[in-house]
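Thanks for asking me to look this over with you.

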Amino acid sequence: MATRQTHRLARLMMTPSVAALLLWMLVPLALTIWFSFQRYRLTNPAISGFAGFSNFSFFVTDPAFWPAILNTLLIAGGVLVLTAGLGIGLALMLDQPIFGQGIVRILMISPFFVMPPVAAVIWKHELMNPTWGVFASVSRFFGMEPVNWLGSFPLLSIILIVAWQWLPFATLILLTAMQSLSEEQKEAAEMDGANVFRRFWYIILPHLARAITVVILIQTIYLLGVYAEIQITTGGGPGFASTNLPFLIYNVGVLGGNIGAGAAGGLVAVVLANVVAIFLMRAVGRNLDA
Amino acid sequence: MGSITLEHVNKTFGGHQVIPDVSLEIKDGEFVVFVGPSGCGKSTLLRLIAGLEDTTGGHIKLDGVDVTDKGPAHRGLAMVFQSYALYPHMTVRQNIGFPLKMANMDKAAAEQKVNDAARVLNLTDYLDRKPRMLSGGQRQRVAIGRAIVRQPKAFLFDEPLSNLDAALRVNMRIEITELHQQLKTTMVYVTHDQVEAMTMADRIVVLNAGRVEQFGTPLELYKAPANKFVAGFIGSPKMNFFEGAAAGKYQAASVGVRPEHIRISRDAGDWQGRVGVAEHLGSDTFLHVHVEGAGLQTVRTEGENSFNPGDEVWLTPDPARIYRFDGAGLAL
């Protein structure tokens, strides 16, 4: 009976937050669904009424649609590979006892504090600019032709910028996981004759599996929605070379003034996110089981 | 073969000297226990032998070969850790086989060895389980299995039983002792529990503040402790000590008598006192007696006796079993 009371009380106490969350989620979702079936142009209020599935067919037949889907997946995948890989490397280094460990760790996290548009501006103008950027100077120093990063490799450039932003997050999660590995286990492996590389492969990496999974799942949520970096650096171009789904939705809905088609694109993004989520849970989700 | 020789080994951690100077000679096939209170450096000494810590000075020899500068993997020793240190993501089979895999042993031969070890340790039915599905005793056995497959020169045990409950500890104590009789490999075993030391060891090293207080067989330590520290540490319940006038009678700075060597009587004896707490173990009773001018003393009597808390009693030590110590605590 005590448990029943506790349960009832708990339910009562949670009601406001659950209700707020539902409102928060359901209202925008319902509005999006509603708009996706409406004729709604910002440029012409005279066009209105039920649209059927025409908004959807308009959105998916956009010449940028398939490139955008591919680019969305490439950005998410590329950033995941870079942050997980480099994150493991950096975490391994930060796990070593070094002089000024505290300072190094704080500096390590700092890119995470830089807001995405600012980061994009810095990368665009200070680093990747083919005339006065740091990368160009480095190229010239070695006697090479400076690379026009954003012009020649727009998608790769965006992946690099976003990876730079997320690397601290991955490193931090992986570092804490690494620190939770018992010293005795590493010593046991050492006694068992495993050298540094084999200790990493057979002991440390399996221990990190769960942390890597967390990094992948959390980052994916954000990486499917990358927008600010594209807006500031390449504007989705050249052509559609760096247009991803969120940017295409912005193009169609806001720039094109077609709210109905934009809302339809939003629902396509929801479907894509779910497909990716199901795929990820199948692939790495079992690592989360205790 | 697996003789271990320590020559003037010392170890300093950041200016703090943990082990001042230890020289030991452990013979091939011997079961040697390092025992001492926590912080006495017994684990550090074991880790020095294992190669997990570097010596600050001195030499460590295995079978007469200097291994002081060799890494832990190249000394041919196996270690069982306090936390077992099993690899949680591997099955029992993979755990036991890990050292063989690291030695790049042929798969079929490794499989054979793992099966043999599992049979010796009664783990055959658990080979495909993960460590988290095993009980404490089984985990302990997997850790031992991982150690024995390599056929090391010597086994090093770092307080392997301290995570087990009391009943299991007694069982594992016997299992490890039997294993030693079977394998006849040198074993070095660290514990803070003098009962484990007394029951398992061929010879015991009593350590205190990084110094070897005494190195001898369990009965040597019991019968002829070299100093007051060993006398107080070995034996359960602890030895009673008397100082001042009571000790002066025996021309010593202090004298010690074990609880089992004191006679208790209601009428007459050397020391008068009053019974405080009585601990009944069934087979024995430990009476804690408040003795005039000498504080609380323990007396071991038969299980069924007529003494009750508050009784006035007399204690008489067995004169042949009195240990005398000088002012520095050394046995006279």
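1. Of the 290 residues in chain A, 32% count as buried; a residue is buried if 20 or more other C-beta atoms lie within 10 Å of its own, exposed if 12 or fewer, and partly exposed in between, with C-beta atoms placed from the backbone. Please keep in mind that this is a predicted model, where local features need pLDDT of at least 70 and side-chain atom pairs count only at pLDDT 80 or more, while totals for chains, interfaces and linings use all residues. Residues are numbered from 1 along each chain as its sequence is written, and chains are lettered from A and ligands numbered from 1 in the order in which they are written.

2. Chain A has 13 helices and zero strands, where helices (H or I, at least four residues) and strands (E, at least two) are DSSP runs numbered from the N terminus. Along the principal axes, the C-alpha atoms of chain A fill a box of roughly 80 × 75 × 30 Å. Among contacts in chain A with a separation of 6 or more, 70% join residues 24 or more positions apart; two residues are in contact if their C-beta atoms, placed from the backbone, lie within 7 Å.

3. An automatic or database domain assignment divides chain A into domain 1 (1–28) and domain 2 (37–288). The centres of these two domains of chain A, taken over C-alpha atoms, are 34 Å apart.

4. Now to the nonpolar core, meaning a set of buried Ala, Val, Leu, Ile, Met, Phe, Trp, Tyr and Cys residues joined through C-beta atoms within 7 Å. The largest one has 147 residues, and A:Val162, A:Leu174, B:Leu156 and B:Val188 have the most contacts inside it. Helix α8 (residues 154–179) of chain A gives the most to this core, with 14 residues. Beyond its neighbours within four places in sequence, A:Val162 touches A:Ile75, A:Val79, A:Leu223, A:Val226 and A:Glu229.

5. Helix α8(A) deserves a look of its own. Because 19 of its 26 residues are buried, α8(A) is largely enclosed by the rest of the structure. A kink of about 40° lies at A:Trp166, shortly before the proline A:Pro168; the bend is the angle between axes fitted to the seven residues ending there and the seven starting there.

6. Where do the chains meet? In all, 13 residues of chain A are in contact with 15 residues of chain B. On the chain A side, α9 (183–191) and α10 (196–223) each supply at least two residues, and α9(A) gives the most, with six residues.

7. Strand β13 (residues 262–265) of chain B runs antiparallel to β17(B), joined by four bridges, and B:Ile264 has B:Leu315 as its bridge partner. Strand β14 (residues 271–280) of chain B is also antiparallel to β17(B), with four bridges; here B:Gly273 is partnered with B:Val313. Strands pair if DSSP finds at least two bridges between them.

8. Finally, is B:Lys11 buried or exposed? This lysine of strand β1 (residues 4–13) of chain B is buried, because 23 other C-beta atoms lie within 10 Å. B:Lys11 and B:Asp54 are 43 residues apart in sequence, yet 7.9 Å apart in space, C-alpha to C-alpha. Leaving aside neighbours within four places in sequence, the contacts of B:Lys11 include B:Val18, B:Leu48 and B:Glu53.
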